[in-house]
Amino acid sequence: MPYRIEVENLNVYFGESHILKDINIKINTNMVTSLIGPSGCGKSTFIRTLNRMNDTIPTFKKDGTVLLDGKDIYDPNVDVVDLRKKVGMVFQKPNPFPKSIFDNVAYGLRIHGLNDNDVIANKVEESLKAAALWDEVEDKLEMSAMGLSGGQQQRLCIARTIAVEPEVILMDEPCSALDPISTTKIEDLIHKLKHDYTIIIVTHNMQQATRVSKYTAFFLHGEIVESGLTDKLFMEPKDKRTEDYITGRFG
Amino acid sequence: MTEKKEDKFIQWVLFATGISSILIIILIIAFIFSEGLPAIFSIGLFNFIFGMIWNPDIGLYGVFPMIIGTLLTTFLALLMAIPLSLCCSIFLAEIAPPNMRKLLKPTIQGLAGIPSVIYGFFGLVIIVPFIRIHFGGSGFSVISASLILTIMILPTIISISEDALRSIPFEYSEASLALGATQWQTIKNVIVPAAVPGIITAIILGMGRAIGETMAVIMVTGNVVQIPGSIFEPVRTLTSNIALEMGYATGLHYSALFSTGIILLTVIVILLLLANYVNYKTKVSIGGGYL
């Protein structure tokens, strides 16, 4: 099984502060990998390195390599637009555009040059179905996305991400702003999506990590303390710090 | 107990000051109507609004050319000011580096503080001769006034639109960039559409300033009461009419100037209602979170 993402000796700095220290991790293709760890440990910074969203921060610096399908994504020849099309992202707070439900999903297709309205309509339907939202919105596609519930908005954001056909979906605590029922729906969705996409999910919720992911990495103070199969990491942690964290002794 | 009294007292003071500003506006409107309505009745509403000749010496009071003059100068100014200020506000809000923005924004806001007579001077010395030399005529013209008004309303529209653009949450830009959109696609398709209600408010305020401007306009329009054949011909606006003749008018002429004020107020109210309607429509189409 080839790895989709390989990170070697990654160090990330924001100005003077050293946020990520010597990160080495390999992410399996079409599986779910959870990143757990206390607040401020660098999980979000790490996934934002994978689609170069950190580039929007002027003080961002990094060394080390990040390979996607064997190619360095920080190579000067890499087009960030193409990269972000391949590596989609779902944010912590649902952030649909103040546009109609349809236009939210169609947005990514249109900016990538798709003009045929029939094709767009088909893709929108497909994506909404894949995101398990279609049944709830099929008769109100022209309604503003701002009128949906938080959980529906988050699934819309997932649909919007899926629409541009990424290989990888990064999820930055996608359920932290949602109620338990919406959370369950998103988790079910992750189970469905993992067959077609490589998913990396940041979560504060360790039960969620055990429920959705095959692999888990534990971050602490900008380092990966331990990573491996989720079951193993939770049942027989090798490192004392991992054990302390998963048994709730800190964090 | 005393704290409760203090609360009541402050509430009362705020209420009184709030109400008094509304009362003042009502009083001004009532005053203009009471001074101006009799003249409209004696001239006849239709003759007054649609009359083509304004000649107090022979008792002809028609303000139609001035309504056209006001609308023409204002809309021409908006036509030039809207694209300019929109581009400028996008640059300030989204593209300019922070230091440049810190320098530019106060400079632009400073433009709003220049007295209108100074703008008038500038128009008189620079724009009027420019029009005269390059486009013929006297140079006192619709276009001269519109150019001056354009400059005058830029700071209003720019700074309010810029505030509107900057108030759009970064989450929207982030979502767009994460989908692979370029910065320009993000500005064009996400940020600007979301800021449209605020931008319309900016345009309304700019329009209000353009309609009401008197001094700078008097100095460059030539003040001839006529429907101009082209934008290079002189014109007179409603505000100019009042300011030019108030000093010496008596009797019916005096009242007719107040009637001009009534027409001016009516034109402004109609335009404001229209603009608010457009604003409401766009807000509804943007949807939920913005209402």
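A nonpolar core is taken here as a set of buried Ala, Val, Leu, Ile, Met, Phe, Trp, Tyr and Cys residues joined through side-chain atoms within 4.5 Å, where buried means under 20% relative accessible area, exposed means over 50%, and partly exposed lies in between (1.4 Å probe, protein chains only). The model is predicted, so that local features need pLDDT of at least 70 and side-chain atom pairs count only at pLDDT 80 or more, whereas totals for chains, interfaces and linings use all residues. Residues are numbered from 1 along each chain as its sequence is written, chains are lettered from A and ligands numbered from 1 in the order in which they are written, and side-chain values use heavy atoms, with hydrogens and water left out.

The largest nonpolar core has 57 residues, and those with the most contacts inside it are B:Phe48, B:Trp54, B:Val63, B:Leu165 and B:Leu238. At least two residues of this core come from each of several helices, including H3 of chain A and, in chain B, H1 (2-43), H3 (64-95) and H11 (251-286); helices are DSSP runs of H or I with at least four residues, strands are runs of E with at least two, and both are numbered from the N terminus. The largest share of the core, 12 residues, is supplied by H8(B). In soluble globular proteins, nonpolar side chains tend to be buried together.

The contact between the chains, with contact meaning heavy atoms within 4.5 Å, takes 24 residues from chain A and 22 residues from chain B. The area buried between chain A and chain B (accessible area, 1.4 Å probe, that two parts lose on being put together, summed over both) is about 1,900 Å², of which carbon and sulfur atoms give 64%. A:Pro98, A:Tyr107 and A:Ile111 supply 28% of the area that chain A buries against chain B, more than any other three residues. Two of these residues, A:Tyr107 and A:Ile111, are touched by B:Gln185, which lies in helix H8 (residues 183-212) of chain B and is buried, with a relative accessible area of 19%. A polar atom of the B:Gln185 side chain lies 3.0 Å from the backbone oxygen of A:Ile111.

Across the interface of chain A and chain B, 2 salt bridges are found, a salt bridge being a side-chain nitrogen of Lys or Arg within 4 Å of a carboxyl oxygen of Asp or Glu. A:Lys93 forms a salt bridge with B:Glu171, the closest N and O atoms being 3.8 Å apart.

Over all chains the structure holds 16 salt bridges. Within chain A, A:Asp103 pairs with A:Arg110, the closest N and O atoms being 3.1 Å apart; A:Asp103 is partly exposed at 27% relative accessible area, and A:Arg110 is likewise partly exposed at 37%. Within chain B, the side chains of B:Glu245 and B:Arg236 meet in a salt bridge at 2.8 Å, N to O, and here B:Glu245 is buried, with a relative accessible area of 6%, as is B:Arg236, at 11%. Salt bridges that share partners also join B:Arg101, B:Lys105, B:Glu162 and B:Asp163 into one network.

Note on methods
A polar contact is a pair of N or O atoms within 3.5 Å; within protein, one must be able to donate a hydrogen and the other to accept it, and residues adjacent in sequence count only if both atoms are side-chain atoms. Lists of a residue's contacts leave out its neighbours within four places in sequence.
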